[in-house]
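Reader: Can you walk me through this one? I'd like to start with a helix contact and then move on to the rest.

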Amino acid sequence: MTEEKIRQFMENTARTKGWRLTPDEEQIGYLLEGFAVNVNRYGYLQCPCREGSGSRDRDKDILCPCDYADPDIAAYGQCYCGLYLNEETFLQGGAPGSIPERRPEEKFRED
Amino acid sequence: MFDYLDFEEVPGKDTGKDLKLLALSTCGFCKRAKAFLKEFGLAYKVIDVDGLDKSIRLRIREDFSSLKGKAVTYPTLMIGEDDYLTGFIRPLWMNTLGLEEQDD
């Protein structure tokens with residue numbers, strides 16, 4: 001999957017979910033690179049901001065858009081990667097910053 | 001802490017503190033953290049955890065949670081033996097590291 005295709009996926013996801021993509025092109029570029037690595041490494045669009053297990057089934061909650069994006073966007077105005085934003089955060093602009101991890105720790109430890 | 005990891009040393013200004021950055025090669029905020037440390041020219045050590053064997057990654061998780069009482073997330077910057085920053089929030093990193101914005 002090319003970075004162009006991944007960008008289309010991001011844009012389609014944002015449109016479908018009623019979110020906005022971050023206006024920070026640097027962040028988008030970083031994440032495009034990360035997604036491309038994960039597609040080559042795992043074969044699927046795993047969240048680039050979290051450790052993957054290599055198992056699509058175990059990582060299904062962190063396939064983009066992850067299961068935590070809706071509550072994170074509701075609570076913080078952005079997803080964990082700072083890729084998808086709500087309208088208010090989009091209009092505020094500014095440099096993206098990290099938010100707390102919502103994924104349960106045991107998910108990272110599953111065999 | 002994490003003496004068993006093979007960190008890459010990035011030369012730069014000595015802060016007087018041992019800075020160790022635990023990162024994912026794919027993560028946007030990890031890349032921002034690396035760019036931040038480069039911007040200020042700080043000496044630090046770095047490792048991309050996603051390139052390590054699962055057993056080592058689990059050991060990092062167990063060691064961090066047992067010593068710090070919380071789950072490790074990336075990026076994490078270890079500052080000496082006791083302090084650390086998790087996630088990348090520029091103003092917080094500046095304050096914690098005692099840095100000031102530089103003129104262009």
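**Helix contact, interface and backbone**

Author: Glu3(A), Ile6(A) and Arg7(A) of α1(A) meet Leu32(A), Phe35(A) and Ala36(A) of α2(A). Contact here has C-beta atoms, placed from the backbone, within 7 Å, and helices are DSSP runs of H or I of at least four residues, strands runs of E of at least two, numbered from the N terminus.

Reader: Before we go on, what sort of model is it, and how is it numbered?

Author: This is a predicted model, in which local features need pLDDT of at least 70 and side-chain atom pairs count only at pLDDT 80 or more, while totals for chains, interfaces and linings use all residues. Residues are numbered from 1 along each chain as its sequence is written, and chains are lettered from A and ligands numbered from 1 in the order in which they are written.

Reader: At what angle do the axes of α1(A) and α2(A) cross?

Author: The axes of α1 (residues 3-17) and α2 (residues 25-42) of chain A cross at roughly 110 degrees and come within 10 Å. That makes α1(A) roughly perpendicular to α2(A), a label for angles of 65 to 115 degrees (under 35 is roughly parallel, over 145 roughly antiparallel, the rest oblique). Axes are lines fitted to C-alpha atoms, for helices over the stretch in contact, with angles from 0 to 180 degrees between N-to-C directions.

Reader: What comes just after α1(A)?

Author: Gly18(A), with a positive phi of about 75 degrees.

Reader: Which peptide bonds are cis?

Author: One runs from Cys64(A) to Pro65(A), with omega near 0 degrees; Pro65(A) is in the loop between α2 and α3 (69-76) of chain A. Another runs from Tyr74(B) to Pro75(B), with omega near 5 degrees, and Pro75(B) is in the loop between α2 (54-68) and β4 (76-79) of chain B.

Reader: On to the interface: how many residues does each chain put in?

Author: Chain A gives 18 residues and chain B gives 18 residues. On the chain A side, α2(A) gives the most, with six residues.

Reader: And what ipTM does the complex get?

Author: The predictor gives an ipTM of 0.94 and a pTM of 0.95.

Technical notes: Two residues are in contact if their C-beta atoms, placed from the backbone, lie within 7 Å.
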